[in-house]
There are 2 protein chains.
Amino acid sequence: MAELPLPAELLSVALAEARLGLREGGVPIGAALFGADGELLGRGHNRRVQDGDPSTHAETAAFRAAGRLRGYGRTTMVTTLSPCWYCSGLVRQFGIGQVVIGEARTFQGGHDWLAEQGVRITVLDDAECIALMREFIATRPDLWYEDIGE
Amino acid sequence: MAELPLPAELLSVALAEARLGLREGGVPIGAALFGADGELLGRGHNRRVQDGDPSTHAETAAFRAAGRLRGYGRTTMVTTLSPCWYCSGLVRQFGIGQVVIGEARTFQGGHDWLAEQGVRITVLDDAECIALMREFIATRPDLWYEDIGE
């Protein structure tokens, strides 16, 4: 039986999505949802700018791309940035079992709250994720604060 | 200056969305987002079945339909059913100031948690909202439990 890839390998998919979002002029946050055996169920990135859609965060995009599923307990959500309350609520409601986070330095959402609920949380503190967000926030603070409702 | 309509009037818009969702064969939950002066910013309903999209709950549909906005503190989200954790997270992240809820008998999500965060919560205990959900859950339990990830 196949196994779930290492967290850094999972993150590479989310990072590719974040970079794609940046090239499109959007908020550079990417995510992907993996099954227990390492199969990629869905991937996506923030689409506020691209679609004028404030509801599509990276995590919700990956979740949507995976389509209708039953039972998320053995799935892993990987995201380049600590999930905001909206995306943390998604994880809690659907019982996603594990969240792998690129970094939580530039923004910290609800991942401690998820850990309290029994969600397995891994924060990688990845240098490229940090650099991507630092540069984006410095360059487009308007867009960033719009995206997190501040 | 115009004023925000009474809660029951706000609910009528969400209820119309829920009924539309039911006619489409979907999960009958509706919502709408209103501005401080009572202007309708966006409305929508759950689209799990219609679009094969598990990420579109009534509240996220209404939020998306409102487009890109800055500052949700004076907006009111009205929904036919107590918002699940996913939709409660949306309210918290974007600082939506008030939530009007049709009913919380058939399902209770995160509205007490939102009240603790300072969100103004009104639960109407509306008989039609309760009947709509009771009948739906009895008729399509598979679809209902899929929608809340259980």
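**Figure 1. The surface through which the copies meet in the predicted model.** Of the interface residues of chain A, 100% are also interface residues in chain B, so the copies meet through the same surface. The contact involves 33 residues of chain A and 33 residues of chain B. Between them, chain A and chain B bury about 2,900 Å², of which 56% lies on carbon and sulfur atoms.

**Figure 2. The rotation axis relating chain A and chain B.**

**Figure 3. Polar contacts and contributing elements at the interface of chain A and chain B.** Residue pairs in polar contact between the two chains, both residues at pLDDT 80 or more, number 17. On the side of chain A that touches chain B, two or more residues are given by each of helix H2 (48–51), helix H3 (58–65), helix H4 (85–94) and helix H7 (141–147) of chain A. H4(A) supplies the largest share of that side, seven residues. By residue class, the side of chain A that touches chain B comprises 15 nonpolar, eight polar and 10 charged residues.

**Figure 4. Salt bridges across the interface of chain A and chain B.** Four salt bridges are found across this interface. In one salt bridge between the chains, Arg64(A) pairs with Asp53(B), with the closest N and O atoms 3.3 Å apart. A network of salt bridges links Arg48(A), Glu146(A), Asp147(A) and Arg68(B).

**Figure 5. The salt bridge between Asp125(A) and Arg105(A).** The two side chains meet at 2.6 Å, N to O. Asp125(A) lies in the loop between strand E5 (120–123) and helix H6 (127–139) of chain A, whereas Arg105(A), 20 residues apart, lies in the loop between strand E4 (98–103) and helix H5 (111–116) of chain A. Asp125(A) is partly exposed at 36% relative accessibility, while Arg105(A) is exposed, with a relative accessible area of 54%.

**Figure 6. The salt bridge between Arg19(B) and Glu128(B).** The closest N and O atoms of this pair are 2.8 Å apart. Arg19(B) belongs to helix H1 (residues 7–23) and Glu128(B) to helix H6 (residues 127–139) of chain B, so the pair ties together parts that are 109 residues apart in sequence. Arg19(B) is partly exposed, at 32% relative accessibility, and Glu128(B) is partly exposed, at 37%.

Notes. Residues numbered from 1 in each chain as written. Chains lettered and ligands numbered in written order. Predicted model: local features only at pLDDT ≥ 70, side-chain atom pairs only at ≥ 80, totals over all residues. Heavy atoms only, no water. Contact = heavy atoms within 4.5 Å. Buried area = accessible area lost by both parts, 1.4 Å probe. Polar contact = N/O pair within 3.5 Å; in protein donor to acceptor, adjacent residues only side chain to side chain. Helix = DSSP H or I, 4+ residues; strand = E, 2+ residues; numbered from the N terminus. Nonpolar A, V, L, I, M, F, W, Y, C, P; charged D, E, K, R; others polar. Least-squares fit on C-alpha atoms with pLDDT ≥ 70 in both. Buried < 20%, exposed > 50% of the residue type's maximum accessible area, 1.4 Å probe, protein only.
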